[in-house]
Amino acid sequence: MKLSRESRYALVALTFLAQHPQGTLIESREIAEATKVPAAFLAKILAKLMRSGLLTSVRGGGYALARAPEQITVRDALTAIEGVDLFARCIFWRDECSEESPCPLHTMWGAVRPQVETAMIDLKIADIGSRASAPR
C-alpha cells in the first residue's frame, strides 16, 4: 500500500496535537514549526482533517483534536487524506487492476488487505505518540 507524504504529515500533525491537553487550540503556524511540515502544505492537510471530523478549529485561534487521541484511529487519518477507498485500491495504484486484469500481487493483496485495515483501526493516534516518545 502506497501512502502519500500528505498522510505522513497528517499523522505527524495529529500526534503533535495529541501531546497537548484535550481542547487546546494550537495555531497552524506553531504546528508547522514544531513538526517541520511546510505551512502551506499543512494548511491543506488540516482542512482535510477538519472536513473528516478529526479536528476542530476556531478562526484565527488554531486547531485541536475533535476527539480524544485514544478514539482516533490511524485508519481515520489515512482515509481522511487518501480517500475512503484506500483499502480497496490496487497495491500498485493501477486503475485497471481487477479480477479480469490482475496486477502481480492482486490475489495476495486481496487476502492481506483486511488484516492491514484492521491493524490501522486498532492503532490509535495516542499509540503513535506514546511510541514516538518512548525510549528506543
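In this predicted model, histidine 106 belongs to helix H5, which spans residues 106-122. Histidine 106 is buried, because its relative accessible area is 17% and the cut-off for buried is under 20%. The side chain of histidine 106 also takes part in a polar contact. The partner is the side chain of glutamate 99, at 3.0 Å. Neighbours within four places in sequence can be set aside. Histidine 106 is then in contact with Cys97, Ser98 and Glu99.

The structure holds 0 disulfides. A disulfide is a covalent bond between the sulfur atoms of two cysteines. For cysteine 97, the closest cysteine sulfur is that of cysteine 90, 3.8 Å away. A disulfide needs the two sulfur atoms within 2.5 Å, so the sulfur of cysteine 97 is too far from that of cysteine 90 for a bond. Cysteine 97 counts as buried, with a relative accessibility of 15%. Cysteine 103 is likewise in no disulfide. The cysteine sulfur nearest to that of cysteine 103 is again in cysteine 90, at 3.6 Å. Cysteine 103 is buried too, because its relative accessible area is 5% and buried means under 20%.

Helix packing was examined for H1 and H3. Helix H1 covers residues 5-18, and helix H3 covers residues 39-51. The two helices pack with their axes 10 Å apart, at an angle of about 75 degrees. H1 is therefore roughly perpendicular to H3, a term that applies to angles from 65 to 115 degrees. On the H1 side, the contact is made by Arg5, Glu6, Tyr9, Ala10, Ala13 and Leu14. H3 contributes Phe41, Leu42, Ile45, Leu46, Lys48 and Leu49. Of the residues in this contact between H1 and H3, 9 are nonpolar and 3 are charged. No polar residues take part in the contact of H1 with H3.

Glycine 60 sits in a loop. This loop lies between strand E1 (55-58) and strand E2 (62-65). Glycine 60 is exposed, because its relative accessible area is 72% and exposed means over 50%. Leucine 78 is 18 residues from glycine 60 in sequence. In space, the C-alpha atoms of glycine 60 and leucine 78 are 26 Å apart.

Terms used
Residues numbered from 1 in each chain as written. Predicted model: local features only at pLDDT ≥ 70, side-chain atom pairs only at ≥ 80, totals over all residues. Heavy atoms only, no water. Helix = DSSP H or I, 4+ residues; strand = E, 2+ residues; numbered from the N terminus. Buried < 20%, exposed > 50% of the residue type's maximum accessible area, 1.4 Å probe, protein only. Polar contact = N/O pair within 3.5 Å; in protein donor to acceptor, adjacent residues only side chain to side chain. Contact = heavy atoms within 4.5 Å. Axes fitted to C-alpha atoms, helices over the stretch in contact; angles between N-to-C directions. Parallel < 35°, antiparallel > 145°, perpendicular 65-115°, else oblique. Nonpolar A, V, L, I, M, F, W, Y, C, P; charged D, E, K, R; others polar.
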